[in-house]
Amino acid sequence: MTGEKDIRTLLASIHPVLREGEYVYVLWPYGRPLAPGIEAAVREAEGLTVVLPRAEADRLELRYDFVAAWITLQVHSSLEALGLTAAVSAALTEAHISCNVLAGFHHDHLLVPVADADRALEILHELAASSSDQPAPRLVLRTEQPEDRPAILELTAAAFSVSPETGLPVDGEPVEVGLLKQLFDCDEYLPEFSIVAEQNGEVVGHVISTRGWVGELGLLGLGPISVVPRLQRHGIGSALMQETVVRANAAGERGIALLGGPEYYSRFGFVPSVSLGIEPPQAEWGDFFQLLPLAVWPGGIHGTFRYAGPFEGL
């Protein structure tokens, strides 16, 4: 099978896919027989470098420094193709994401820092869209309307059909769906902060922020945020987050609180809430409970954050 050589065609069809797991580079001990699980190897004058799953390196008690996510570009590129690696590396470099490239016979593979995996996928999808002859569908961000709710609940069920905590399929309706139904009807519901993302007339994403408090100070409690699975890591979640921040600043809100991964939400300016004197509703949440101080953040606030009523039943 002949690989593609045209750079524009290659970029438009790179189709990046994230492998499961974490991977590390290890200098293999001299004279030690190779173990199963090695994914790639490079022989140098100084020794043999191998790439293998982090868990396997830990099992073998091998030292490593760099922990990577593995992204495969599914396009079949020719080994003689010019410019693909340069274009991909340049796009990731501009986003301040380091990248190590492994070229296989059929595909190119990228190893990026684990914390940057989601952002790297977004950058690669944007690169593919900008190289396509077909214009990318326009993303419309607007306030949720009552007639949107069936579609919002459906996409939320799909987005949370696999538990983010366990990685296993959810049995029955995800709790986020029931929570969302209650948030739509609670006293803390804020219509302007229930935002949908729409493409070609289809609701493909949604985020909601409801009233929360620290003492008597009103803040926003963000969540859940959902994107249809087929379009996750295409920048829709980032667009919804940015729209929320813009609306919150325009409305004079003081800050936004949420529960989520620090490596993802820090890109939007979120920091552990305790660093600002705000305790999470549950102490065990630790640094996963985060807060974004907005333009009119008053400072000097201390206390425990309280979500809208429906969260108390979780």
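Modeller: Buried means under 20% relative accessible area, exposed over 50% and partly exposed in between, with a 1.4 Å probe and protein chains only. By that rule, the buried residues of α5 are Arg149, Ile152, Leu153, Leu155, Thr156 and Ala159. Bear in mind that this is a predicted model, where local features need pLDDT of at least 70, side-chain atom pairs count only at pLDDT 80 or more, and totals for chains, interfaces and linings use all residues. Residues are numbered from 1 along each chain as its sequence is written, and side-chain values use heavy atoms, with hydrogens and water left out.

Biologist: How do you know that the buried residues of α5 line one face of the helix?

Modeller: Seen down the axis of α5, they fall within an arc of 165 degrees, so they line one face. The arc is taken from the directions from the helix axis to the C-beta atoms. On the other side of α5, Pro150 and Glu154 are exposed.

Biologist: Why is α5 called roughly antiparallel to α6?

Modeller: Helix α5 (residues 149–159) and helix α6 (residues 175–185) pack at about 150 degrees, with their axes 9 Å apart. Angles under 35 degrees count as roughly parallel, over 145 as roughly antiparallel, 65 to 115 as roughly perpendicular and the rest as oblique. That makes α5 roughly antiparallel to α6.

Biologist: And what makes Leu11 buried?

Modeller: Leu11, found in helix α1 (residues 7–12), has a relative accessible area of 9%, so Leu11 is buried.

Note on methods
Axes fitted to C-alpha atoms, helices over the stretch in contact; angles between N-to-C directions. Helix = DSSP H or I, 4+ residues; strand = E, 2+ residues; numbered from the N terminus.
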